[in-house]
Amino acid sequence: MAGSETGHNQYYPFGDRPLPVGNGTAVNPPVVPVFDAAPLPEAARFVVVGAGVHGMSTAWHLAMALEKSGKGRGSDVVLIDKQGPGAGATGLACGCVRNLYMTEPLHAILRESVKVWESDPVNLGFQQVGYISVGEANQEEDYIRLHKSQNDQGYPSDLYVGAEARAKLKSVWPDFKTGSCDVVLHEKPSGYAGTHMACWGLDQKCHQWGVRRVYGREVTGYDKTGGTVTAVHTDAGSVRVGEALVVATGAWMPLHYQWLGGGDTLDVTYPDGHVEKAMDMWTYWRLLEGEVYLPEGVDFRTADGRDSPVLHVELMNTPVIGDDGKELQDHVYWYTRYAAERVGAPGLQGGTIPVKMGPKAALEPYGHLNDAYQADPWFADYYCAVAGQLFGRFEGLRSHYKERRNGGIGAFTPDNVPIFDWVADNAFMTADSNHGFKMIGVGRLVADLLSTGDMPEELQPFAFKRYGEGWTYGDRNSNCPWV
Ligand SMILES: Cc1cc2nc3c(=O)[nH]c(=O)nc-3n(C[C@H](O)[C@H](O)[C@H](O)COP(=O)(O)OP(=O)(O)OC[C@H]3O[C@@H](n4cnc5c(N)ncnc54)[C@H](O)[C@@H]3O)c2cc1C
């Protein structure tokens with residue numbers, strides 16, 4: 001495969017590892033070695049499609065719930081992926097675990113998710129360094145509201161406004177150039193996780209609890225009788241569904257949704273009563289991310305020598321100025337974490353606002369292999385310019401940018417907020433609207449639902465019916481769709 005226009009030439013993480021061959025089309029490989037994969041059974045009580053964070057977390061927690069309650073065995077759960085763990089967005093995400101959402105019901109989803117991250121931080125690769133987000137005065141009201149909601153929902157965070165916000169930033173990073181920073185939120189339970197470690201840990205847990213992990217088998221469609229899914233078809237035969245199907249196929253969700261009878265468009269009612277007719281059910285966005293080596297003698301530690309919290313800065317009224325003095329962008333949107341495990345050396349990984357594409361995308365090859373969806377050439381200049389604009393220590397970082405393939409796409413819902421709901425009488429859809437590496441706890445909540453029959457209260461706000469009933473989300477004061 002040819003390199004991209006940007007000259008990025010590295011197929012992370014495997015260097016020049018040969019591409020898997022499948023129907024003559026390059027496919028994104030699993031990010032961990034596949035071992036002990038099971039053959040496709042003829043029937044299974046529970047079938048989970050997709051070995052990303054949601055599919056693996058669901059399969060693991062469901063197997064555990066069945067074993068612990070005596071209601072069944074781990075082997076009642078079959079997990080199918082056309083490649084294996086992390087072959088979708090989960091394997092290449094930035095790995096940030098944060099709760100900076102204006103959509104308040106997400107705060108409880110993150111509370112439940114951090115419980116899962118904390119349950120085995122070593123095997124899930126979780127670094128609980130915290131998360132600091134920074135805004136200008138125009139976001140002060142939003143921060144006050146979401147700080148209250150986070151704390152009300154059991155997710156501790158501290159809020160700093162005005163001079164206190166700037167003092168807080170200086171106390172963490174003395175070389176931080178506080179400029180127009182007016183409001184700061186410090187989430188204590190947040191952090192990041194190395195994506196490969198998380199995939200390895202999740203796959204191990206599925207294996208340990210007896211999940212039948214069927215890797216390298218592609219789902220090609222579903223049989224429905226009335227409102228019930230009766231079989232899952234694959235390129236290696238079909239499996240009858242006994243009790244329930246969970247579809248957790250990330251960017252491929254639009255295809256599976258269509259196979260299950262879903263439409264391409266939807267009439268969406270908003271809280272003010274207005275209706276948007278025939279909105280696209282799914283919209284693809286292309287992510288802009290990259291990595292940079294830390295030069296000799298430069299670190300990303302705090303004043304007291306600790307690993308830095310993940311940092312998010314949105315300054316909607318502050319332009320980004322390049323090394324040549326020209327304006328690169330009329331606003332700052334920048335997130336960064338320490339990422340040695342990803343960069344392969346002391347370094348940073350981060351990104352900016354994704355680019356809206358539309359209802360269609362070329363899904364194969366996914367991720368870093370797809371020439372069309374790499375971060376744009378301007379991204380490196382932008383990312384490094386913001387770093388230098390915010391930190392004394394990061395001035396002149398551009399020559400340390402890691403030239404490699406990066407980026408990936410995601411399928412967003414009509415209001416950019418997840419849909420966690422039934423799409424058929426026995427088929428559950430986990431569509432995280434590309435928010436959700438961090439949302440590892442959704443799998444546990446779905447497992448609770450499947451093993452008890454009761455919809456957990458944390459999942460209820462993400463029902464389909466919001467679009468018809470007028471409690472559609474999407475109210476936001478940000479340039480970004482992740483709200
Ligand atoms: C570049 C990038 C950076 C991101 N950064 C962050 C971040 O910092 N923090 C965060 O919380 N989120 C982040 N996200 C979003 C997050 O990665 C995704 O929301 C999340 O990983 C989706 O998980 P999933 O399990 O739904 O899907 P995926 O991880 O995409 O897994 C879906 C799986 O389904 C399989 N599959 C698809 N079709 C079939 C089929 N027909 N048959 C069998 N298997 C099939 C695929 O092979 C794949 O393994 C990022 C996303 C991208 C693209």
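These notebook entries record what I looked up in the structure.

**Entry 1. The model**

I noted that this is a predicted model, in which local features need pLDDT of at least 70, side-chain atom pairs count only at pLDDT 80 or more, and totals for chains, interfaces and linings use all residues. Residues are numbered from 1 along each chain as its sequence is written.

**Entry 2. Overall form**

I found eleven helices and 23 strands in the protein. Helices (H or I, at least four residues) and strands (E, at least two) are DSSP runs, numbered from the N terminus. The radius of gyration is 22 Å, close to the 23 Å that the globule rule gives for 483 residues, so the protein is as compact as a globular protein of that length. This radius is taken over C-alpha atoms, and the globule rule is 2.2 Å times the number of residues to the power 0.38. Along the principal axes, the C-alpha atoms fill a box of roughly 65 × 50 × 45 Å.

I then looked up burial and found that 52% of the 483 residues are buried. A residue is buried if 20 or more other C-beta atoms lie within 10 Å of its own, exposed if 12 or fewer, and partly exposed in between, with C-beta atoms placed from the backbone.

**Entry 3. Domains and core**

The domain assignment gives domain 1 (43–90 + 197–277 + 415–469) and domain 2 (127–189 + 283–412); such bounds come from an automatic or database domain assignment. The C-alpha centres of domain 1 and domain 2 lie 30 Å apart. Ten residues of domain 1 are in contact with nine residues of domain 2, where contact requires C-beta atoms, placed from the backbone, within 7 Å.

Of its 136 residues, V47, A59, A63 and L79 touch the most other members. Helix 1 (residues 53–69) supplies the largest share of this core, nine residues. Both domain 1 and domain 2 give residues to the core, so it lies between them. Setting aside neighbours within four places in sequence, I listed the contacts of A59 as V48, V77, L79, C206 and V211.

**Entry 4. The ligand**

I counted 38 residues around the ligand, of which the closest are G50, G52, G88, G250 and G408. Domain 1 and domain 2 each provide at least three residues of the shell.

**Entry 5. Local geometry**

Most residues other than glycine have a negative phi, and most peptide bonds are trans. I looked for departures from this pattern. The peptide bond from E364 to P365 is cis, with omega near -10 degrees. P365 lies in the loop between strand 20 (347–358) and helix 9 (377–390).

D36, which is not a glycine, has a positive phi of about 55 degrees. D36 lies in the segment before strand 1 (43–49) and counts as exposed, with 9 C-beta neighbours inside 10 Å. S433 also has a positive phi, near 55 degrees, in a residue other than glycine. S433 lies in the loop between strand 23 (427–431) and helix 10 (441–452), and is buried, with 23 other C-beta atoms within 10 Å.

Notes: A nonpolar core is a set of buried Ala, Val, Leu, Ile, Met, Phe, Trp, Tyr and Cys residues joined through C-beta atoms within 7 Å. Two residues are in contact if their C-beta atoms, placed from the backbone, lie within 7 Å. A residue is near a molecule or strand if its C-beta atom, placed from the backbone, lies within 6 Å of it.
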